[in-house]
Amino acid sequence: MHEIADRLLAASAAGRPIAVATAISVEGSAPRTVGTSMAYDGSAVIGSIAGGCVEGAVVDVCEEVLADGEPRTVDYGVDDETAFSVGLTCGGQIRVHVQMLTPSLLAALGDSAPIEVCRDYTEPAPVERRMIIFGAMEFSSALAAAAGVLGYRVTVCDPRPLFATPARFPGAEVVVQWPTEYLRGASIDSNSAICVLSHDARFDAELVELALASPAGFVGAMGSRTTHERRVASLRERGASEDAIARLRSPIGLDVGASTPEETAVSILAEVLAVRSGATTAPLATTTGAIHASLGASQPH
């Protein structure tokens, strides 16, 4: 429910009653995860609960809840003779709880608190994911915009006020400060991703060393392979351990043939997501078994 919180709060402000459907159990293959929600106000749908599967049937249940205010829990699965008629062809089983959007739910959404969806399921509070981008350039602008879409709180740091401007990075926190000074005072945890897109010799090695010494879940740096070799040599000269150097994702990004800033942003975010999930990055066409079950243990950042 948290992923559609902003839209739910805006829709509620319009004064219309809203039914919210939340996936409280998912087994087998399914395109969305437990906790994913969709809402319906009688005329418009907010969000997506199953990537298209069963959503028409869920809207029907939402209409029933809007009519009498009574919550309902429904199951969809391949052992249900109606499953294929409502679109559940992926082989999974989904349990959906539908309820009215109440003042208590609204309060939890506004506070980003855990949400008691029903007696059998409580949705945990959302994890705040942060991305710190060093270097204010076109690649940084594209990455900041794309990371924001994925829900990251983005900070862009560069010591040059001419380049580090809010106009170039709408929606991001822009910091004009010497990068190493900023990083020393920054709040960083395992949910943080640090992307060094500039490779200014005045601070590059020190900045990367500080990033690797932090608890950040992802540390990546842009540059050619020659730049990477110089960077690693500088890190060793500074006394960085081999274990620390092994954490560095450099050159940053996955090999998808990216060249433009926008394509490069996709390449970088794909690597960030892969590291977070422990995924193999192999094409799904070459893997076997359940798509989502094949991913490694979730690692936050």
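**Contacts and rings**

Modeller: Start with E271, which touches F218, R249, I252, G253 and L254, leaving aside residues up to four places away in sequence. Contact means heavy atoms within 4.5 Å. This is a predicted model, where local features need pLDDT of at least 70 and side-chain atom pairs count only at pLDDT 80 or more, while totals for chains, interfaces and linings use all residues. Residues are numbered from 1 along each chain as its sequence is written, and side-chain values use heavy atoms, with hydrogens and water left out.

Biologist: Which helix does E271 lie in?
Modeller: Helix α10, residues 261–277. Helices are DSSP runs of H or I with at least four residues, strands are runs of E with at least two, and both are numbered from the N terminus.

Biologist: Is E271 buried or exposed?
Modeller: E271 is buried, because its relative accessible area is 6%. Buried means under 20%, exposed over 50%, and partly exposed in between, with a 1.4 Å probe and protein chains only.

Biologist: New topic. How many aromatic pairs does the structure hold?
Modeller: Two. Rings of Phe, Tyr and Trp (its six-membered ring) pair if their centres lie within 6.5 Å; planes under 30 degrees apart are stacked, over 60 edge-to-face, and the rest tilted.

Biologist: Why is the pair of F134 and Y182 edge-to-face?
Modeller: Because their planes are at 65°, with the ring centres 6.4 Å apart. The pair links distant parts of the chain, 48 residues apart: F134 is in strand β8 (residues 130–134) and Y182 in helix α6 (residues 179–185). Both F134 and Y182 are buried.

Biologist: And what about W178 and F203?
Modeller: Their ring centres are 5.2 Å apart and the planes sit at 85°, so this pair is edge-to-face. W178 is in the loop between β10 (173–176) and α6, and F203 in the loop between β11 (192–196) and α7 (204–213), so the pair ties together parts 25 residues apart in sequence.

Biologist: Now the whole chain. How many helices and strands are there?
Modeller: Ten helices and 13 strands. Of the 301 residues, 42% count as buried.

Biologist: What share of the contacts is between residues 24 or more positions apart?
Modeller: They account for 57% of the contacts with a separation of 6 or more.
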